[in-house]
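Please keep the sequence and the model in view while reading.

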Amino acid sequence: MTERHILGLSGGRDSAALAIYMRANHPNLPIEYFFTDTGKELPEVYTFLDRLEGFLGKPILRLNPDRGFDFWLEEYGNFLPSPRTRWCTRQLKLRPLEQWIRPALKEGTIIHSYVAIRADEPTREGYQATHQNMRVHLPLRDAGIDRAGVIDILQQADVGEPGYYEWRSRSGCTFCFFQQKIEWVRLAERHPAAFEEAIRYEKTALEDGSPFTWSQGESLTELIQPERVAAIKADYAKRMERLRQRRRRNPLSARTLDESVDDVYGIEEAEGGCVICHK
């Protein structure tokens, strides 16, 4: 019976660490690495994938949707995707993956999919098998590897972390609706063209009756006003200080983690993104 082994990379640290872990611990598995490219990813994602590809010594297949974001936005009546209606994940991430593996599954090939769910994410689930020939594996969880362990793997391999972690908690599209308000501010500062594109999408959606804005409770046009930006930054600074005061740091521990944006806002990773996009 024919078997294939696939591992999806999101441009995030968990899936990258999983790829490195599998290369080190299962070097004989003919793993096929893939990245589903929406065409709306952060530039830092592509830079990181190129670096990871060099370490792995194997190409990372880029899966591109046959229809892009603009097509699906129109199909959904210009309603923006949201945490309740994640059509972007379905159409731009899952659909290309399923189109890629469907012929092999129909031919009877067993496909082993390795998903980057960590040991400290007990409630999180990965890609759910939709075919009897699909086998989903969670090696990081099985090996007891947590967030600190993931960072250790990336550092020891000298791959490092994606550059966007300096200002953002996750990979994914530039206009991902899971971003916190401080991340929208930082997107405007670091990638102004991408921020302006998000504003254009939002304006069109609102004109066509969409009930959603990218950021809860306000439009990006409102969010980017100078006084609002100042308030968002001040609120973030206060939250950061409160978090640091609550945490008891062990000066002898090498596994103390820097605060992420999610940590500051008290967001569990499982609640703040889609696995295939952000892991």
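## Terms and basis

A salt bridge here is a side-chain nitrogen of Lys or Arg within 4 Å of a carboxyl oxygen of Asp or Glu. Side chains of opposite charge can pair when their charged atoms come close.

The model is predicted, so local features need pLDDT of at least 70 and side-chain atom pairs count only at pLDDT 80 or more, while totals for chains, interfaces and linings use all residues. Residues are numbered from 1 along each chain as its sequence is written, and side-chain values use heavy atoms, with hydrogens and water left out.

## Confidence

pLDDT is the predictor's confidence in each residue, from 0 to 100. The chain average is 88, and 89% of the residues score at least 70. Over residues 252-256 pLDDT stays under 50, and the model has 6 contacts (heavy atoms within 4.5 Å) beyond four places in sequence for them.

## Salt bridges

The structure holds 17 salt bridges. In one of them, R4 pairs with E32, with the closest N and O atoms 2.8 Å apart. R4 belongs to strand 1 (residues 3-8) and E32 to strand 2 (residues 31-36), 28 residues apart. Helices (H or I, at least four residues) and strands (E, at least two) are DSSP runs, numbered from the N terminus. R4 is buried at a relative accessible area of 19%, and E32 is partly exposed at 27%; buried means under 20% relative accessible area, exposed over 50%, and partly exposed in between (1.4 Å probe, protein chains only).

D14 pairs with R118, the closest N and O atoms being 2.7 Å apart. D14 sits in helix 1 (residues 13-25) and R118 in the loop between strand 4 (110-114) and strand 5 (134-137), so this bridge ties together parts 104 residues apart in sequence. Both D14 and R118 are buried. E218 bridges to R228 at 2.9 Å between the closest N and O atoms. E218 lies in the loop between helix 8 (192-207) and helix 9 (220-223), and R228 in helix 10 (residues 226-246).

## Helix 10

The 21 residues of helix 10 should span 30 Å at 1.5 Å a residue, and the end C-alpha atoms are 31 Å apart, which agrees. The expected span is 1.5 Å times one less than the number of residues.

Which residues of helix 10 are buried? They are V229, I232, Y236, M240 and L243. The face turned away from the buried side carries the exposed residues E227, K238 and Q245.
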